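Good morning, and thank you for the time.

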Amino acid sequence: MFSTLMINTWLAATIVAVVAGSVGFFAVLRGSAFAAHALPQGAFAGAAGASLLGLNTILGLGVFSVLGALAISLLGKRGRHDAVTALTLVLMLGLGALFLSFSVEYAPEVYSLLFGEILGVSRGDLLPIALLGAASVLAIVALYRPLLLSSVMRDSGEARGLNSRTLEVCFLLVLALATSATIPVVGAFLMFSLMIAPAGSARTLTANPLTALGLSILIALATVWIAVAAAYETNWPIGFYVGTLGAAGYVLARARQAWQIRGHGHLVVAEQA
Amino acid sequence: MIGQLFEPGFFTNGAVHTALIVGAVVAVISACVGVFTVIRSQAFAGHSLSDLGTTGGSASFLAGASNPLWGFVIAALAGAGLIELLGARRRSDRDLATGIVLGAALGLSALFLYLDTSHSSTTGVSTTILFGSLFVLDPSMIPAAVALTVVALALLAGSYRMLLLSSLSPELAAARGIRVRLIGALYLVALGLAVALASLTIGALLSTALLIGPPATALRLSKQPAVAILAAALIGVLATWLGILLAYDSYNWPPLGHGWPVSFLIVALIFSFYLLTELPTRLLRTLRPNRQPLANAGPEP
Amino acid sequence: MSSAIASGERMLVVDGIDVWLSGREILHDVGFAVEAGEFTGLIGSNGAGKTTLLRVILGLQPPSAGRVLLEGRPLGRRGTAIGYVPQKVLFDPDIPLRTRDLVALGLDGERPGIPLPSRRRRALVEEMLEAVDATDFADARIGNLSGGEQQRVLIAHALIGRPKLLLLDEPLANLDIRSEFEVVELIARVTQEQQISVLISAHDMNPLLPVMDRIVYLAAGRAASGTVGEVVRSDVLSSLYGSHVDVLHVHDRVVVVAGQATDSILTGSDESVRHEPQDFIRVS
């Protein structure tokens with residue numbers, strides 16, 4: 001499992017988890033579950049198109065996810081994005097269908113793009129993934145405070161000079177970057193699960209935002225490492241493990257929360273930090 | 001000139017007939033359900049149900065079924081039931097829970113598709129499920145499709161007023177004695193059926209286009225519910241038929257050999273119609289800023 | 001009712017503000033001034049334009065005409081010069097943010113980066129929490145707070161940046177009488193210590209009467225400003241509304257009553273809300 005062949009996968013998986021955990025924290029905070037789902041699926045079309053043109057798939061992922069992010073933020077009205085997100089998503093998916101129909105050999109590559117592939121990360125892919133990943137995480141660190149304020153109290157942020165619209169665009173672009181970095185390992189379909197499930201679980205465990213961010217990353221790491229190991233052992237797709245482990249983790253976190261409430265008879269006012 | 005629009009054999013081709021009929025029927029029910037979906041801001045739920053259909057479709061192939069319709073239906077209805085159970089009030093809570101369930105279901109479909117392809121060598125399974133099979137539909141399926149559509153339409157028609165009111169204002173509806181939760185559950189069933197049917201024609205991934213696109217477009221043209229539903233149905237059918245026509249004609253387009261996928265063409269048309277209604281309003285808004293008593297932006301005092 | 005207002009030492013000067021929205025003139029030639037340390041009430045019924053006026057002052061709504069001067073200068077980079085307490089904010093109970101975190105965001109939330117733990121920061125936050133009596137629930141999630149608790153936290157969030165002017169948008173709406181009293185008393189106490197000017201909007205002037213130095217009465221898009229004695233009079237308000245209005249004093253409360261049947265009846269403590277027919281879908 002830890003052969004040189006798999007080292008790339010482990011490295012990439014680790015990077016992916018850190019990215020997904022940090023970006024996912026804000027995706028969940030802002031209620032952007034749909035965008036987190038839509039962008040990767042749409043990005044898949046870019047990968048299909050890139051492979052059709054013989055280009056690096058990550059480039060295709062990047063271009064299409066950025067285009068998708070811009071489309072969603074420009075076409076959507078303030079705060080209510082869901083119809084537009086849906087339409088942008090299916091348009092890009094449709095384009096993916098088109099590109100696929102043009103290419104001759106596609107099945108295995110498509111499958112790994114959609115559901116993840118433990119051997120899907122080549123040496124050459126590692127650098128772009130690392131760079132994109134680093135860029136996403138740096139952006140999240142830089143945007144931490146203003147994004148937190150604007151997401152929770154939009155008016156107060158505006159009064160202090162934070163333009164919510166600009167922040168929304170920035171965040172979606174970071175989401176797009178993160179998407180391009182994470183799809184090669186986890187697959188377009190399941191990448192969003194790695195983003196929202198750990199973050200969703202983390203925030204039920206603590207009320208301290210920084211701790212929640214940290215936990216989000218830790219849970220994502222655990223999820224992805226187990227998924228890689230399990231995928232290696234069983235030959236089943238990584239995406240399967242990511243999706244099911246993520247859901248299981250969230251259910252457990254929620255159950256623990258419900259147990260706490262029942263045990264105390266009311267919501268505990270002061271929680272552990 | 002008209003003759004040039006329709007490539008030879010269009011009107012006599014059996015597959016085209018099936019496609020036109022089933023396509024139109026599916027477009028109508030998708031549009032009707034979709035109007036309510038947009039009003040209720042449940043586009044994500046709609047999309048999730050169709051993605052869930054992937055799980056059902058791939059499972060049904062694994063089980064040896066010849067067409068994925070029933071797999072889609074079962075998965076969509078199960079998903080609708082789950083979403084109803086999760087029933088959180090706030091949209092962001094609902095979306096989060098929906099997303100996580102979707103993640104698990106997609107993970108399962110990953111597994112099923114993997115097992116599908118290793119058991120049988122049909123790689124076309126993925127394409128059929130994900131992107132639809134409008135031109136390769138079995139005509140014997142028409143009765144089933146029509147029957148399901150009728151059921152869904154009946155659900156909508158039977159609860160029309162109550163559904164409309166509870167979608168626009170749940171509090172007002174509850175105050176009038178309407179069982180909002182029950183109506184919501186019935187709506188979810190109709191949604192599941194519509195989504196399953198649309199998955200059949202243009203695929204689990206793309207069915208959201210038929211569900212959301214024409215209604216979103218129609219609602220830009222009229223704010224009256226009945227008119228919007230009618231307009232949405234018309235737009236949906238128009239996009240479907242035009243898509244079928246173009247797909248048929250595209251056999252001779254580059255790249256030669258097999259034409260452009262009909263599901264892509266339908267989606268592209270739907271998106272274009274949406275843009276056609278969206279852009280003019282946008283342009284008007286940027287050209288006329290707040291000052292004049294003609295603009296339409298800004299909050300209420 | 002505005003006259004040429006000289007700027008200079010005044011904390012806030014609002015001069016000749018016109019605002020058009022959705023084809024209607026919401027505000028017409030609105031002007032008034034707030035001195036340093038003064039407590040000013042912005043009174044008007046729902047729909048009178050109070051929130052719009054506050055948004056103009058905050059720089060969130062560009063006026064069609066007029067200007068706003070803060071300490072003699074036009075509004076530039078905002079930062080924390082004006083503390084803003086918006087109307088009730090709905091917090092998701094799952095949001096991972098504690099009371100103390102929200103208050104800390106008031107210090108530097110608009111600056112980029114992750115806040116480094118610092119003793120000074122923590123001390124400032126503790127001090128603010130104490131000032132608004134929020135230490136008991138300092139570690140609770142903001143989504144779990146009651147209405148009154150949330151109010152106090154929002155005030156702390158606005159004040160911790162040491163603004164010179166505090167703007168509050170209808171902080172008393174939906175509060176019971178006892179909480180109304182407590183909030184007004186809290187605001188007055190905290191701002192008086194720091195000599196912070198206060199502009200607080202409300203549809204009922206009565207809870208504010210004990211602490212108001214100045215009143216700005218908004219009606220029909222026009223404003224009258226001055227002391228309560230100068231403004232809250234039948235003749236002044238009648239000319240504002242454009243029809244006959246009576247001002248009645250009942251014990252120490254003020255009741256404003258419209259004389260004609262054409263106007264909606266305004267009392268000191270009722271809301272006059274116009275319902276719109278729901279036959280159209282409002283979908284975005």
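Helices and strands here are DSSP runs, numbered from the N terminus: a helix is a run of H or I of at least four residues, and a strand is a run of E of at least two. Read along the sequence, chain B then gives the pattern α-α-α-α-α-α-α-α-α-α-α-α-α, that is, 13 helices and 0 strands. Please note that this is a predicted model, in which local features need pLDDT of at least 70 and side-chain atom pairs count only at pLDDT 80 or more, while totals for chains, interfaces and linings use all residues. Residues are numbered from 1 along each chain as its sequence is written, and chains are lettered from A and ligands numbered from 1 in the order in which they are written.

Let me stay with chain B. A residue is called buried if 20 or more other C-beta atoms lie within 10 Å of its own, exposed if 12 or fewer, and partly exposed in between, with C-beta atoms placed from the backbone. Of the 301 residues of chain B, 51% count as buried. Two residues are in contact if their C-beta atoms, again placed from the backbone, lie within 7 Å. Among the contacts in chain B with a separation of 6 or more, 73% come from residues 24 or more positions apart.

How many of the 20 residues of H3(B) are buried? The count is 19, so H3(B) is largely enclosed by the rest of the structure. The expected span of a helix is 1.5 Å times one less than its number of residues. For H3(B), residues 43–62, that should be 28 Å, and the end C-alpha atoms are 29 Å apart, which agrees. After H3(B) comes B:Gly64, with a positive phi near 95°.

Now to the contact of chain B with chain A, which takes 40 residues from chain B and 41 residues from chain A. On the chain B side, the elements giving two or more residues are H3, H5 (91–119), H6 (124–131), H11 (207–221) and H13 (262–287). The largest share, 15 residues, comes from H5(B). This side divides into 26 nonpolar, 11 polar and 3 charged residues; Ala, Val, Leu, Ile, Met, Phe, Trp, Tyr, Cys and Pro count as nonpolar, Asp, Glu, Lys and Arg as charged, and the others, Gly among them, as polar.

H3(B) also meets helix H4 of chain A, residues 82–102: their axes come within 8 Å and cross at roughly 35°. Axes are lines fitted to C-alpha atoms, for helices over the stretch in contact, and angles run from 0 to 180 degrees between N-to-C directions. A:Asp82, A:Ala83 and A:Ala86 make this contact with B:Ala43, B:Phe44 and B:His47.

Finally, chain C. Strands pair if DSSP finds at least two bridges between them. One open sheet has 4 strands in the order S2-S1-S4-S5, with antiparallel pairing. S2(C) and S5(C) stand at the edges with a single partner strand each, so one side of each is left without a neighbour in the sheet. Between S1(C) and S4(C) there are 5 bridges, and C:Val14 stands opposite C:Val68.

The other open sheet I shall show has 6 strands in the order S6-S7-S8-S3-S9-S10, with mixed pairing. Its edge strands are S6(C) and S10(C). Here S3(C) and S9(C) run parallel, joined by 4 bridges, with C:Ile43 opposite C:Tyr217.
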